[in-house]
Amino acid sequence: MTLEELYEMIGGDYRSTKSRFMTDERILRFVRKFPLDQSYRLLESSLSTGDQAEAFRAAHTLKGVAQNLGFTALYEIASSVTEVLRGGGTATADQLDELKIKYDLVIDSIPLVADL
């Protein structure tokens with residue numbers, strides 16, 4: 001799979017990302033680091049322990065990383081969850097399910113990208 005095909009598969013914005021990173025090599029270097037980011041796992045654990053402040057921080061970080069990498073679909077749902085948590089609310093099960101689906105799609109798709 002090409003990098004552009006990855007972005008299409010995950011609902012990302014390849015063109016915008018390419019305009020910021022300039023080369024596919026740079027994009028791929030950062031995309032391959034994404035699975036190492038602990039934000040999603042921290043969000044899950046913070047929600048399970050009821051740590052609202054930490055859950056907000058984790059969701060906000062995930063939102064920012066997804067936006068920077070052009071993972072638009074993941075960014076949009078992470079942004080939605082962030083805003084609910086920012087206001088002290090509780091994300092709905094549907095929101096969290098959608099976030100997990102979008103996150104897992106990105107994580108599962110990254111290894112399919114061929115080396116450049």
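Guide: Buried denotes a relative accessible area under 20%, exposed one over 50%, and partly exposed anything in between, with a 1.4 Å probe and protein chains only. The model is predicted, so local features need pLDDT of at least 70 and side-chain atom pairs count only at pLDDT 80 or more, whereas totals for chains, interfaces and linings use all residues. Residues are numbered from 1 along each chain as its sequence is written, and side-chain values use heavy atoms, with hydrogens and water left out.

Visitor: What makes Met9, Leu105 and Leu112 a patch?

Guide: Patch members have over 30% relative accessible area and no salt bridge, and nonpolar side chains (Val, Leu, Ile, Met, Phe, Trp, Tyr) are joined within 5 Å, like charges within 9 Å. Met9, Leu105 and Leu112 form such a nonpolar patch on the surface, with about 250 Å² of accessible area together, as given by the Shrake-Rupley method with a 1.4 Å probe.

Visitor: How do you know whether threonine 82 is buried or exposed?

Guide: Threonine 82, in helix α6 (residues 72-86), has a relative accessible area of 0%, and is therefore buried. Threonine 82 touches Phe56, Ala59, His60 and Lys63, not counting residues up to four places away in sequence; contact means heavy atoms within 4.5 Å.

Visitor: Why is the pairing of arginine 57 with glutamate 54 called a salt bridge?

Guide: The term requires a side-chain nitrogen of Lys or Arg within 4 Å of a carboxyl oxygen of Asp or Glu. The closest N and O atoms of arginine 57 and glutamate 54 are 2.5 Å apart, so the pair qualifies. Both residues belong to helix α5 (residues 52-69), and being 3 residues apart they are separated by about one helical turn. Arginine 57 is partly exposed at 43%, as is glutamate 54 at 22%.

Key. Helix = DSSP H or I, 4+ residues; strand = E, 2+ residues; numbered from the N terminus.
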